[in-house]
Amino acid sequence: MKKGLLIVMSGPSGVGKGTVRNKFMNDPELNLAFSISMTSRSRREKETEGVDYYFVTRERFEEAIKNGELLEWTEFVGNYYGTPLAYVEKLRNEGKNVLLEIEVEGAKNVKEKCPDAIMIFITPPSMEELERRIRGRRTEPEEIVQQRLAKAAKEMQMISQYKYVVCNDDADEAAEIISVIIRHNMKRN
Ligand code: 5GP
């Protein structure tokens, strides 16, 4: 069986990656599986353990780093985030195309380790619109909002490491474009 694709999708937090992803993720033709990350961040109300993330303590995360359990990891706004390696490899070996939704530092490390990874960046239509979306979530204190905005500006500067840049002006359209990108790469695999 052919090994599945490794697809990396990044974009500033608040850009709507989850919304876009939900629109193409279950298309059976794309044969996708989502890589569930490990994080030391606390769970938001709408999130589910083992679906959105594996929520762990900082100690458990540091142990995972030490044991080489992670394909990549980073510290983002005071919390650890990382991709469990064994899970990704298992899915790819089963022929699944695995989608990683990770920030730019982690994406850079994945690209170095796996040059064949398909790199997709989602941009907001403008930074003003991004701020509106982050504030619309109303889940975080002002200090964290400011940190996320500053981080977003830096992330936008790393666009050049991505082969594909998709603007999330309209989520349906962005999802359709990403489907086309994945289909194209499946044909080449
Ligand atoms: P959030 O706290 O909003 O869920 O995630 C913050 C940022 O961390 C987002 O840009 C998200 O894509 C990224 N992220 C989530 N999981 C991982 C991961 O496993 N590795 C890396 N490097 N970034 C991640």
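Me: First, what is the order of the strands in the open sheet of four strands?

Reply: Before the answer, keep in mind that this is a predicted model. The order is S4-S3-S6-S5, and the pairing is mixed.

Me: What makes a strand an edge strand in that sheet?

Reply: Each edge strand pairs on one side only, and here those are S4 (53-55) and S5 (70-76). Neighbouring strands in this sheet are turned by 25 degrees against each other on average, if you ignore direction.

Me: How do you know that S3 and S4 pair?

Reply: Two strands count as paired if there are at least two bridges between them. Strand S3 (residues 37-39) and S4 have three bridges, in the parallel sense, so they pass. One spot to look at is threonine 39, which stands opposite phenylalanine 55 in S4.

Me: Which helix lies across S5 and strand S6?

Reply: That's H3 (residues 85-93), and it runs at about 30 degrees to S6 (79-84).

Me: What is the order of the strands in the open sheet of five?

Reply: There you read S2-S7-S1-S8-S9, with parallel pairing. S2 and S9 are the edge strands, each pairing on one side only. The twist averages 25 degrees from one strand to the next.

Me: How do you know that S1 and S7 are joined?

Reply: Four bridges join strand S1 (residues 6-10) to S7, and the two run parallel, so the pair qualifies. Methionine 9 has glutamate 101 in S7 as its bridge partner. S1 also pairs with S8 in the parallel sense, over four bridges, and there valine 8 is partnered with methionine 119.

Me: And what about strand S2 and S7: how many bridges do they pair over?

Reply: Three, again in the parallel sense, with S2 covering residues 32-34. Phenylalanine 34 has leucine 99 as its bridge partner in S7.

Me: Why is S7 called mostly covered?

Reply: A residue is buried if its relative accessible area is under 20%. Four of the five residues in S7 are buried, so "mostly covered" follows from that cut-off. Helix H4 (residues 104-113) lies across S1, S7 and S8, and runs at about 155 degrees to S1.

Me: What makes S9 a strand with a covered face and an uncovered one?

Reply: In S9 (residues 164-167), Tyr164 and Val166 make up the covered face, while Val165 and Cys167 make up the uncovered one. Four bridges join S8 (residues 118-123) to S9 in parallel, and threonine 123 stands opposite cysteine 167.

Me: Why does cysteine 114 count as buried?

Reply: Its relative accessibility is 19%, so cysteine 114 falls under the 20% cut-off. As for disulfides, a search of the whole structure finds zero.

Me: Why is glycine 95 called buried?

Reply: The relative accessible area of glycine 95 is 13%, and the cut-off is under 20%, so it is buried. You'll find glycine 95 in the loop between H3 and strand S7 (97-101). Beyond its neighbours within four places in sequence, it is in contact with Met1, Lys2, Gly4 and Asn31. The C-alpha atoms of glycine 95 and lysine 2 are separated by 5.9 Å, though these residues are 93 apart along the chain.

Me: Last one: which residues are closest to the ligand?

Reply: Ser37, Arg41, Tyr53, Tyr81 and Glu103 are the closest of the 16 residues that surround the ligand. A polar side-chain atom of arginine 44 lies 3.1 Å from one of the ligand's oxygen atoms. For threonine 83, a polar side-chain atom lies 3.4 Å from a ligand oxygen.

Definitions and conventions: Residues are numbered from 1 along each chain as its sequence is written. This is a predicted model: local features need pLDDT of at least 70, side-chain atom pairs count only at pLDDT 80 or more; totals for chains, interfaces and linings use all residues. Side-chain values use heavy atoms; hydrogens and water are left out. Axes are lines fitted to C-alpha atoms, for helices over the stretch in contact, and angles run from 0 to 180 degrees between N-to-C directions. Contact means heavy atoms within 4.5 Å. Buried means under 20% relative accessible area, exposed over 50%, partly exposed in between (1.4 Å probe, protein chains only). A disulfide is a pair of cysteine sulfur atoms within 2.5 Å. A residue is near a molecule or strand if one of its heavy atoms lies within 4 Å of it. A polar contact is a pair of N or O atoms within 3.5 Å; within protein, one must be able to donate a hydrogen and the other to accept it, and residues adjacent in sequence count only if both atoms are side-chain atoms.
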